[in-house]
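Subject: Structure handover

Hello,

Here is the structure I promised to pass on. My notes follow below it.

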Amino acid sequence: MARSTPFPNVESCPSTERQNDTVVADMDGTLLIGRSSFPYFALLAFEVGGIMRLVFFLLLSPLAGILYYLVSESAGIRVLIFATFAGIRVSDIESVARAVLPKFYSSDLHPESWRVFSSCGKRCVLTANPRIMVEAFLKEFLGADLVLGTEVLTWKGRATGFVKEPGVLVGMNKANALKAAFGEKVPEIGLGDRHTDFPFMSLCEEGYIVPPKPEVKAVTVDKLPKPIIFHDGRLVQKPSPFMALLTILWIPVGFLLACLRIAAGSLLPMSLVYYAFWALGVRVTVKGTPPPPVKKSSGQSGVLFICSHRTLLDPIFLSTALGRPIPAVTYSVSRLSEIISPIKTVRLTRDRAADAAMIKKLLQEGDLAICPEGTTCREPFLLRFSSLFAELTDELVPVAMVNRMSMFHGTTACGWKGMDPFYFFMNPSPAYEVTFLNKLPSELTCGAGKSSHEVANYIQRVIAATLSYECTNFTRKDKYRVLAGNDGTVGEKSRLKPNQVMGC
């Protein structure tokens, strides 16, 4: 039953005809290329507790490192768990584990380990990481049937920061957990990357070691088991110790810079905002030829700009590119965002007749911007376009919006949306690219007999082709059900259905 060490390299493990086999794999350094769980604890600390929790976590990290390397692996991990989890609501931890961490875990998937792991019919992961932190990713994204991890003590819905017996799953604790889960059944394959994995690997019929190779390329996006469409969280990059420290030091400076940039956009004439943004490090690139403004004396209806939706700032950067304020209709925007907005924003009521009448009235007053996806999407996908706009006017100009952020995301599904513009402008040098496409030909509009759905789908395809994005049929409700467990409106929460697209 046992197998002597050292174990053969995972590259020598055959992965054909394994559909009836069971694989048991470690996580850090095995399924993932990175051997350290520090970045994921840091992500969780920041997302559930903000900058002060990240500061606390970073202060305790040197102690964790000393204990990890000089005392025991278990002692070091205990410190990381305490620094991250102590006092945090369990529901907040589960939310971050479902909506934030999978994006970062999936970008570090080891190709050889995944080749073997994905070929087996039954998949088990045995990890020192807290189970509550990794289970959502492993089960929903990698198809794990069983996740055995360190259990965190809770009290009245909050994590205490301490771990349940038998403690952190390392060494013999992993082997004992494997025996308890499988009984007399012997798993066919065991995958690990360090000597503390040898006890559980020796209980498997075959054991394979995953050698440390930082230079190995992670599994590419197109080969991931599920498409990455939705994910949440504020941090753009996976925080190494240096990046975590840099984030802490930058946030006070970045917030002041964001306030200055927002003030410039709100107080200056729109014709000057483009130049003010450039002077303050915000890059705005304009492509294509926008239509001239409609003269009110002509009696013509205004142009409806159909924008892809990246952040709530899309209409503002559209106005910046045009050099004149363009009112925007939106499904939801925070009160703070309305106050600081340099353009007029009008809320949609979700009553089709009322919204149609309101949009028609606004178009009689001039040009108007709308984002028919109804919510933002960070990845190179376009959500389904609502067809309402196509029924109201034939003066349609598609606009492809794309942005770049290096430190912070300017959108959130679970956090306070009032901070969205601040986080976007807190980036050292955020950028927006606004591409004006040709006005929709009259023969492709509803006025020429096309249905509103045909018009909406056509514009979606045109914008997607311009950006090299992929069209989807997902909606606002799909996004919020995955990321927040609700439909994006105030009401009774709905649970995430199994086998949906992963919320990453």
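I start with Ile-343. This residue is buried, at 8% relative accessibility. Buried here means under 20% relative accessible area, exposed over 50%, and partly exposed in between (1.4 Å probe, protein chains only). Ile-343 sits in the loop between α13 and β11 (345-347). Helices (H or I, at least four residues) and strands (E, at least two) are DSSP runs, numbered from the N terminus. Leaving aside neighbours within four places in sequence, Ile-343 is in contact with Met-270, Pro-315, Ile-316, Ser-319, Pro-325, Ile-326 and Ala-328. Contact means heavy atoms within 4.5 Å.

Some ground rules. This is a predicted model, where local features need pLDDT of at least 70 and side-chain atom pairs count only at pLDDT 80 or more, while totals for chains, interfaces and linings use all residues. Residues are numbered from 1 along each chain as its sequence is written, and side-chain values use heavy atoms, with hydrogens and water left out.

Confidence next. pLDDT is the predictor's confidence in each residue, from 0 to 100. The chain averages 91, and 94% of the residues score at least 70. Helix α13 (residues 335-340) has the lowest confidence, at a mean of 84, and strand β15 (residues 431-436) the highest, at 97. Over residues 490-504 the pLDDT is below 50; this stretch still has 42 contacts in the model beyond near neighbours in sequence. Where pLDDT is low, the predicted coordinates should not be read in detail.

Now the salt bridges. The structure holds 22 of them. The criterion is a side-chain nitrogen of Lys or Arg within 4 Å of a carboxyl oxygen of Asp or Glu.

- Arg-234 and Asp-420 pair at 2.9 Å, N to O. Arg-234 lies in the loop between β7 and α10 and Asp-420 in helix α15 (residues 420-425), so the bridge ties together parts 186 residues apart in sequence. Both Arg-234 and Asp-420 are buried.
- Asp-108 and Lys-238 pair at 3.9 Å, N to O. This pair also links distant parts of the chain, 130 residues apart: Asp-108 is in the loop between α5 (101-106) and α6 (111-119), Lys-238 in the loop between β7 (206-209) and α10 (241-267). Asp-108 is buried at 9% relative accessibility, whereas Lys-238 is partly exposed at 32%.
- Arg-131, Glu-135, Lys-139 and Glu-151 are linked in a network of salt bridges.

Most residues other than glycine have a negative phi, and most peptide bonds are trans. Glu-17 has a positive phi of about 55 degrees and is exposed, at 72% relative accessible area. Lys-156 has a positive phi of about 50 degrees and is exposed too, at 71%. A cis peptide bond joins Glu-165 and Pro-166, with omega about 10 degrees. Pro-166 is in the loop between β5 (158-163) and α8 (172-182).

Last, the annotations. UniProt (unreviewed entry) lists residues 40-60 and 242-264 as "transmembrane region". UniProt positions are given in the numbering used here, feature names are shortened, and annotations may be inferred rather than shown by experiment. Residues 40-60 are 100% helix, with end C-alpha atoms 15 Å apart. Residues 242-264 are also 100% helix, with end C-alpha atoms 32 Å apart.

Best wishes
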